[in-house]
Amino acid sequence: MQYSRISSMTLAVAAALALIGCGQKEEPKPAPAPAPAAAAPAPEPAKPEVTVQLGHVAPLTGPQAHLGKDNENGARMAIDELNAQGLEIGGAKIKFALVAEDDQADPKQGTIVAQKLVDAKVNGVIGHLNSGTTIPASKIYFDAGIPQISGSATNPKYTQQGFATAFRVMANDVQQGKVLGEYAAKQMAGKTIAIIDDRTAYGQGLADEFEKSVVAVGGKVAAREFTNDKATDFAAILTKIKSKKADVVFYGGMDAQGGPMAKQMKSLGLKAKFLTGDGGCTPEFIKLAGAASEGQYCSLPGVPLDQMPGGKAFGDAFSAKYGQIQLYAPYVYDAVMVMVDSMKRANSVESAKFLPEVGKTDYQGVTAKIQFDDKGDLKGGSISLYQVKDGKWEYRRNNILAGLPWSRPPGVAPRSTFKGCAPAGSAPVPPRRRSKCAIWRQGRGPPKDGPRMQNNRGFPQGKACPNLPAWPRSAKENGGGAF
Amino acid sequence: MIGAMVALTVIKLLAASGLPVFVIILVALAAAAAVCMAVGYTIERIAYRPLRRAPKLAPLITAIGVSIILQNLAMLIWGRNYHAFPPILPTSQHEIFGATITSLQVAIVLIAALMMTGLIILIHRTRLGRAMRATSENPPIAQLMGVNINQIISFTFIIGSALAAVAGLMVSANYSIAHYYMGFMLGLKAFTAAVLGGIGNIAGAVLGGILLGLIESLGAGYIGDLTGGFLGSHYQDIFAFFVLICVLIFRPSGLVGEKVSERA
């Protein structure tokens, strides 16, 4: 694997160089091939058709390739529909082109691919799939001023870095971990809970939030074990968990490990219930776990497809074209639609022009009504819980549909402003430096000085922010309720 | 990896046919072994034989190249997904002194023991085995004694590939999954086990493999408690290579390795 990764990285670098070669006019290198697509829109009405490139990044090789392909299909479907509509933006006929890239779910590769997309002058980026690749890549898009909407990166840090270009159309892991933890400790009567994660930004982040939530409602965490996102053998850690007599095992990670893990739990005679997050909420999990998947739980931000506003129609159209939906395809579809909707409202396909409009999105998507808060997180995101019954994921409950609201968990800074103001008491720092600072902090947990981080979004300095009401802002937000 | 993938394909094809499980597995094994033998022979012919007189580093580099080619070929043929093993094998569990073991795992241990015994007999009790040992000790002298070393090396590759096919099937049956790069870590660990036990000594390699497995599992299970949470079970893979480095430093010929006498 190592070798093949090195080779494909070299290839990717070579490809990136090639793309730089055929980029735009600023490039000093002679363009050997004609530019395949003009990214910048031409204002002259004489040029009737403009091609707009949208980047899409997900792992297309490796253990998560099936999820990556699913995401790409979601984006492709949106783009095909948009092209069929024949949109006109800024007086020019718009044709969308998807630039699909593979980041192998590897943070290093994620940044290489991000740079490649920036060099190819894409107008917007959809993705990446994994939090671990999305977070480092978001810095590159931010520096280039390219809007990025992820349909599946759920780690809270992604939007906490203060990058005005970062958005997601899915509830984050703070909410998910809280709901899962409360469910495990209360509803599943888990007296001793074991937690395993795969040490990726996503798995670790979700497991940490889960642990906090379990402890907060008085549950006991018996063991905290680790694996990695390429492992196949979990006998050692599961044997240890068995000796601790855990009755619930939570796994923060993807289905390629979660499935075999559930299976090995059964063959080790571990009777505990298995619970996993959105990464394990796929048909692939059931396939890999076999009979051991029966009765196990997973959670997924959002509501089930058949309860989504446009879920049924989307599901039918998608299945007809690409087969079964794995996981995130509807979210990615919405991400593309939100981005294009912003272009329409801005009447421009230029990143700098339609970026402010993304934050003001009010779009009725397939998955939900999409509005962003000031950080770029989805407003009012909900979490659904599923259980395997007769070899199929079956919807159990949803925290919002059940009438129980969500709340901002402790330790998360309140919403910052996007309007270009500096929160009171924060020293003005040039935006560029601040963003570096944010990246540097990225690996070190949530920032200690919240106000300065928020300031990353507000470029003009000196103007004080209006006093934002402290969380919760409304009774609805202050439920703090469990399932 | 190729063995596992071929076996899996055959099993999937035959699973619906209603044949007894035992027959399906045997057919799959035969197919996997046949394909692996052919691949092994071809690799030897293309990647190693032309380099017989080249410096020792050259075959190592072609080995890495071949491994990349094989992985990517497998990715093209079988796709990028994890493949689940059809649930046709018995999975009854047995409790032995508090440890749980499935009948499948018992079968795997027995088959492995059987194959190792067979290999030891082959190498130490047959003409072919004697020729192999002679070739490994000193190829030019073996050639002078009338051993066709090219033929012997090809045979060794074919036998090794067949054993790898069986191993691949057993690994994928145990974990119920197969995918195109499953062999990489396994290959590294097998090499570590062989070095630990002593290259050129089958009993030593078996001992090395068992030791390595125990060190890894116990290490992953207890390191968290022993270091007070400073190191966790995600350091599981490190043990194998830590042991490898220690052995290379302190006992370069392995735990039960034969002393290689320096000839003038």
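Helix α7 of chain A covers residues 201–216. This helix has 16 residues and reaches 22 Å from its first C-alpha to its last. That span is close to the 22 Å expected at 1.5 Å a residue. The model described here is predicted. Of the 16 residues of α7(A), 12 are buried, so the helix is largely enclosed by the rest of the structure. The buried residues are A:A201, A:Y202, A:G203, A:Q204, A:G205, A:L206, A:A207, A:E209, A:F210, A:E211, A:S213 and A:V214. Their cover includes three strands of chain A, namely β7 (192–197), β8 and β9 (248–252). It also includes the helices α4 (131–144) and α6 (173–187) of chain A. Just after α7(A), the residue A:G218 takes a positive phi of about 85°.

Strands β7, β8 and β9 also belong to a sheet of chain A. This sheet is open and has seven strands. Their order is β8-β7-β9-β10-β11-β14-β15, and the pairing is mixed. At the edges stand β8 and β15 (392–398) of chain A, each of which pairs on one side only. From one strand to the next, the twist averages 25°. Within the sheet, β9(A) pairs with β10 (residues 273–276) of chain A in the parallel sense. Four bridges make up this pairing. One residue of the pair, A:V248, stands opposite A:K273 in β10(A). Helix α8(A) packs on this sheet and touches β7, β8 and β9 of chain A. The direction of α8(A) makes about 165° with that of β8(A).

A further open sheet in chain A has six strands. Here the order is β2-β3-β1-β4-β5-β6, again with mixed pairing. The edge positions belong to β2 (88–89) and β6 (166–168) of chain A. Each has a single partner strand, so one side of each is left without a neighbour in the sheet. Helix α12 (residues 329–346) of chain A packs on the sheet. This helix touches β1, β2, β4 and β5 (148–150) of chain A. Its direction makes about 160° with that of β4(A).

Strand β1 (residues 49–58) of chain A lies between β3 and β4 in the strand order. Eight of the 10 residues of β1(A) are buried, so this strand is largely enclosed by the rest of the structure. To strand β3 (residues 92–102) of chain A, β1(A) is joined by 10 bridges, and the two run parallel. In this pairing, A:Q53 has A:A97 of β3(A) as its bridge partner. Strand β1(A) also pairs with β4 (residues 124–127) of chain A in the parallel sense, over four bridges. Here A:H56 has the bridge partner A:I126 in β4(A). For A:V57, the bridge partner in β4(A) is A:G127.

Chain A has 483 residues, and 54% of them count as buried. Among contacts in chain A between residues at least 6 apart in sequence, 73% join residues at least 24 apart.

Chain A averages a pLDDT of 78, and 72% of the residues score at least 70. Over residues 403–426 of chain A, the pLDDT is below 50. Beyond near neighbours in sequence, this stretch has 73 contacts in the model. Residues 428–434 of chain A also have a pLDDT below 50. That stretch has eight contacts beyond near neighbours in sequence. Where pLDDT is low, the predicted coordinates should not be read in detail.

Chain A also meets chain B. In this interface, 32 residues of chain A are in contact with 27 residues of chain B. On the side of chain A, at least two residues each come from α1 (2–21), α2 (65–85), β8 (220–226), α8 (235–243), α9 (255–267) and α10 (283–289). The largest share, five residues, comes from α8(A). By type, the residues on this side of chain A divide into 13 nonpolar, 13 polar and six charged.

In chain B, helix α1 (residues 2–15) has 14 residues. This helix reaches 19 Å from its first C-alpha to its last, close to the 20 Å expected at 1.5 Å a residue. Its buried residues are B:I2, B:G3, B:A4, B:M5, B:V6, B:A7, B:L8, B:V10 and B:I11. They pack against the helices α2 (21–48), α3 (57–78) and α7 (149–175) of chain B. They also pack against the strands β1 (83–84) and β4 (177–178) of chain B.

Notes. Residues are numbered from 1 along each chain as its sequence is written. Chains are lettered from A and ligands numbered from 1 in the order in which they are written. This is a predicted model: local features need pLDDT of at least 70, side-chain atom pairs count only at pLDDT 80 or more; totals for chains, interfaces and linings use all residues. Two strands pair if DSSP finds at least two bridges between them. Two residues are in contact if their C-beta atoms, placed from the backbone, lie within 7 Å. Axes are lines fitted to C-alpha atoms, for helices over the stretch in contact, and angles run from 0 to 180 degrees between N-to-C directions. pLDDT is the predictor's confidence in each residue, from 0 to 100. Ala, Val, Leu, Ile, Met, Phe, Trp, Tyr, Cys and Pro count as nonpolar, Asp, Glu, Lys and Arg as charged, and the others, Gly among them, as polar. The expected span of a helix is 1.5 Å times one less than its number of residues. A residue is buried if 20 or more other C-beta atoms lie within 10 Å of its own, exposed if 12 or fewer, and partly exposed in between; C-beta atoms are placed from the backbone.
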